Amino acid sequence: MCKGLASLPTCCLERYLHANTYMADVCGVQDVEDSTAALSLCVAKELKARLGSILQKSNWNLPCCKIGKNKPSLEECLRWKESFEKLLSSKYGLCAFTAFLVSEFSEENIAFYFACEDYRNTKCLSKLPAKAQTIFDEFICSDAPREINIDHETRDITKANMTAPSPSCFDLAQHKIYMLMAKDCYPRFLRSPAYRDLVCQAKPGTKTTKQPWQEKKA
């Protein structure tokens with residue numbers, strides 16, 4: 001039987017607990033007490049919007065990606081192979097990819113990427129310094145709890161940008177992490193048992209294209 005995302009070890013999910021304060025600061029998310037709140041790392045409002053109502057449940061966990069009638073179709077799962085952007089633009093694809101990163105203990109990459117998306121879209125400029133400091137302390141400084149893997153030059157440039165935070169101050173670091181995920185994490189996700197299991201479990205969509213001879217004549 002295909003186990004899919006349900007095979008993810010509980011110990012991976014417990015790593016989300018320390019993100020509570022960060023979520024409250026950046027996104028105003030307060031109710032993240034459950035250790036199985038599997039997407040608590042995805043602190044950005046952009047991610048919350050993409051996942052829609054799924055993230056409204058404080059006790060949402062990874063296996064629900066494939067439970068019920070709203071699980072992704074086979075066509076959608078196969079579209080994820082076309083490009084990394086198509087994977088991220090799918091709420092189920094994003095869910096599955098995040099679960100994969102959690103299983104590899106590298107979920108800080110997707111968390112940082114969407115934190116930057118949220119930061120860049122901040123309309124109230126007076127909030128930028130506090131948000132920038134929160135992101136920097138969480139992901140970039142040398143003792144950050146979820147330090148991302150970027151080169152020294154990028155880290156130094158980002159640190160210099162912190163003197164006068166602008167909406168673009170994390171752009172370079174975000175681009176580096178995006179490329180890291182696209183060139184390294186994404187191909188490994190497509191080769192992973194979790195992805196193969198999702199494809200195995202997925203069913204073709206119900207909509208089919210009618211052939212010309214099937215169309216009713218006027």
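How many aromatic pairs does the structure hold? The structure holds 12 of them, where rings of Phe, Tyr and Trp (its six-membered ring) pair if their centres lie within 6.5 Å; planes under 30 degrees apart count as stacked, over 60 as edge-to-face and the rest as tilted.

Before you start clicking, note that this is a predicted model, in which local features need pLDDT of at least 70 and side-chain atom pairs count only at pLDDT 80 or more, while totals for chains, interfaces and linings use all residues. Residues are numbered from 1 along each chain as its sequence is written, and side-chain values use heavy atoms, with hydrogens and water left out.

**Stop 1: two ring pairs**

Select F112 and F170. Their ring centres are 6.4 Å apart and the planes stand at 85°, so this pair is edge-to-face. The pair links distant parts of the chain, 58 residues apart: F112 sits in helix α7 (residues 108-120), and F170 in the loop between α9 (152-161) and α10 (171-191). Helices here are DSSP runs (H or I, at least four residues), numbered from the N terminus. Both F112 and F170 are buried, meaning under 20% relative accessible area; exposed means over 50%, and partly exposed is in between (1.4 Å probe, protein chains only).

Now move to Y113 and Y178. With ring centres 5.6 Å apart and planes at 35°, this pair is tilted. Y113 belongs to helix α7 and Y178 to helix α10, so the pair ties together parts that are 65 residues apart in sequence. Y113 is buried, at a relative accessible area of 10%.

**Stop 2: the nonpolar core**

Next, show W80, F84, F97, F112, F170, M181 and F189. Of the 44 residues in the largest nonpolar core, these touch the most other members. Such a core is a set of buried Ala, Val, Leu, Ile, Met, Phe, Trp, Tyr and Cys residues joined through side-chain atoms within 4.5 Å. Helices α5 (84-89), α6 (91-103), α7, α8 (128-140), α10 and α11 (193-201) each supply at least two residues, and α10 gives the most, with nine.

Centre the view on F84. Leaving aside neighbours within four places in sequence, F84 is in contact (heavy atoms within 4.5 Å) with F97, Y178, M181, A182 and Y186.

**Stop 3: helix against helix**

Colour α6 and α10. Their axes, lines fitted to C-alpha atoms over the stretch in contact, with angles running from 0 to 180 degrees between N-to-C directions, come within 10 Å and cross at roughly 95°. That makes α6 roughly perpendicular to α10, a label for 65 to 115 degrees; under 35 is roughly parallel, over 145 roughly antiparallel and the rest oblique. At this meeting, A96, F97, F100 and L101 of α6 face M181, C185, Y186, R188 and F189 of α10.

Then turn to α7 and α8, which pack at about 170° with their axes 11 Å apart. That makes α7 roughly antiparallel to α8. Among the residues that meet here are F112 and Y119 from α7, and I135 and F139 from α8.

**Stop 4**

Between α7 and α8, pick L125 in the loop. At 57% relative accessibility, L125 counts as exposed.

Finally, select C141 and C185. C141 is buried at 14% relative accessible area, and C185 is buried at 2%. The structure holds zero disulfides, counted as pairs of cysteine sulfur atoms within 2.5 Å.
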